[in-house]
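Here is a short briefing to read alongside your viewer. Please take a look at the model below, and then we can walk through it together.

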Amino acid sequence: MTDIAQPLTTADGKPLKGALLRAQARARRRAFLLVLPLLAFILITFVFPIGQMLYRSVYNDGFTWHEDVTSGDRTPIMTNLATWFEANPPGTEPDEAAFAALAADLVTLRDLKAPGQAGTRINYELSGSRSMFTKAARSAKKLEPPYKEAILELDKDWGNPELWQAMRGASSSYTTNFYLAAIDRERDASGSVTMVPENRQVYVKLFTRTLSLSLLITFLTFILAYPIAHLLATLPLRHSNLLMILVLLPFWTSLLVRTTSWMVLLQSQGVLNDTLVGLGILGDDGRLQLMYNRAGTVISMTHILLPFMVLPLYSVMRMINPSYVRAARSLGATSWTAFRRIYFPQTVPGIGAGALLVFILAVGYYITPALVGGADGQLISNLIAFHMQKSLNWSLAAALAALLLAGVLLLYWLYDRLIGIDNLKLG
Amino acid sequence: MALPKHASPLERVWHYAYLVICALIFLFLIAPILVIIPLSFNAEPYFTFTDKMLSFDAEGFSTRWYDLLLTFGMLEPEAPRDSSWWADAWANAQWIQATKNSIIIGFFSTILATTLGTIAALGLSRPEMPGRRAVMAILISPMIVPIIITATGLFFFYSSIGIQDWGIPYLGIILAHATLGIPFVIITVTATLVGFDHSLTRAAANMGADPVTTFFKVQMPLILPGVISGALFAFVTSFDEVVVVLFVGGLDEQTIPRQMWNGIREQISPAILSVATILVVISIALLTVVELLRRRSEKLRGMSPG
């Protein structure tokens, strides 16, 4: 009876509690070590590159550092101006000292062959200013005091307060201006944040369009997926497995193939229009313009994302016990009431899972809008690609990407909270 | 789904209307994929059914676009088709080069994704795994993050480490595609591990098997269907991926999707449809394999519905 007071021990006399804890720690370590290689792989090849890219949205050294292409030497540029900006608060009228600093910096730029780089950085904020830098740097050596008059003589735009505000912003490598630009805002001459003129407001409109089109697509996939998921869930398994192939085949087919087929179908000389004309529904001159516009994006993306809605709905509906609806019917509910009050509420988890998944995938879509979207069917991803490949404003691309990523990750977090990533199924 | 005998006429009408609606939705799902198959045999360079095709006139059909796939990029496409012609096609035809590249990239990225993914899934499915939820969220994220963001990130990352100069062909794309394929491997393998009876591994250990033997003799045969379908998913992801290739691929690293992308953007010709048809046939084959595997897995785990 005295044994009870003693701590329990293992066969070799160690305290049981400690031995258990050690065993558990070992099991935890072993599980973690199995995951570690992959985790490291993803962190290096995925998380880190994205973080590095996002850093560009707040860091741009185009106006502060010059890097020699061959030797890789880094030289600070525009240092005199930076000193002047530090000494004078925003909104100060640039005086002779400011222009003298500018002239000295232009000489450095010329020696480093870097006026294009500095001009490009300012050009992001104030278009048309790149050539001012290249032009002024060319004659920088010939400039003589008084510098203010000499530089204004070259181009009177050098007196533009907005230009000075842009240079002030760029004189520090760290800036939030690209985020401001990504939500259609800029700093005016005095440094306060304002909306850009209406004709340059593109990004907010594009974000709104991306969200509204994604919502529309999510809604359409829901409308189309619900009946067939219900049919698949209620048919006997032998038949539903066959029909399921019709859902899974698009899922397994190349995205480019599906987009191509929609281009073939939707073209104004394509199958759909030809059929409608052939049936006499449309006149030959009344062919529908279904591609290279918003309709093209919506139709093809609805088709492409439909399986992502059907599969979660199906797996929830499959689990619904049919006797509930039968009970409702036997208690006198009409089939509509039974559906509305009994069946539908039970499918809500599936709707949530499918809708969130489709929406998350839709807001980041790139390929399909790029191919069938035309001008007004483009989404935010396409604009990021544009700034990456065409306008080469990488910091703005990074800022737009950061905003998009923040939205997607928020939804992803929501998905994990509500549905759980474990419940993601692939057919 | 059968209609009960006591159904009212309205319910009957609705029931049949519902079936028609479902049929239309299935048509919407499948028709776009099937429609390109006959169109790829069009004798004319159009994207619609010509009158000859509709009247099943043999003249309306031809395999010229498939032929173009072979000859496009060849040095002497008009030469007689002997062994040297085929050698020329093998060495120079652009679509054949793209296919080779796609297969090489797909193969290595699949190996990488499947190996790492399967090992990680084993760890993830253990109840002791610390921070399981957060780790899982990170590992699945490549599937969720918009591809354009991944591609831009990799573009900067690869140029900052100069991966092109390392002398390993396709390395950047292979690593990227492995990353994109990993979520699929994780999802399918953890799904097969759900309800895995851990007393089996304990029994094996009890009888003196070391962990490696236990894995290959006990766990592996049971999760193999999941591993294979995960690998197929990873391969298809790589085989179909274009955005990363566009951003980080070198000029000579043409793949099938990239070639298609260029074809669609520049001058869309029915040759694209013949590529598409071939890809559809491949995906039908893959789907069949995956379905068979899924049934086998359910049977193995005793979850078969019958």
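In this predicted model, 75 residues of chain B are in contact with 73 residues of chain A, contact meaning C-beta atoms, placed from the backbone, within 7 Å. Residues are numbered from 1 along each chain as written, with chains lettered from A and ligands numbered from 1 in written order. Local features need pLDDT of at least 70 and side-chain atom pairs pLDDT 80 or more, while totals for chains, interfaces and linings use all residues.

**The side of chain B that touches chain A**
- Several helices (DSSP runs of H or I, at least four residues, numbered from the N terminus) each supply at least two residues here, including α5 (94-124), α8 (171-193) and α13 (270-300) of chain B.
- The largest share, 14 residues, comes from α1(B).
- By class, there are 62 nonpolar, nine polar and four charged residues; Ala, Val, Leu, Ile, Met, Phe, Trp, Tyr, Cys and Pro count as nonpolar, Asp, Glu, Lys and Arg as charged, and the others as polar.

**Layout of chain B**
- An automatic or database assignment gives chain B domain 1 (9-66) and domain 2 (98-268).
- The centres of these two domains of chain B, taken over C-alpha atoms, are 36 Å apart.

**Helix α13 of chain A**
- Of the 25 residues of α13(A), 20 are buried, that is, with 20 or more other C-beta atoms, placed from the backbone, within 10 Å of their own.

Note on methods. Buried ≥ 20, exposed ≤ 12 C-beta atoms within 10 Å, placed from the backbone. Contact = placed C-beta atoms within 7 Å.
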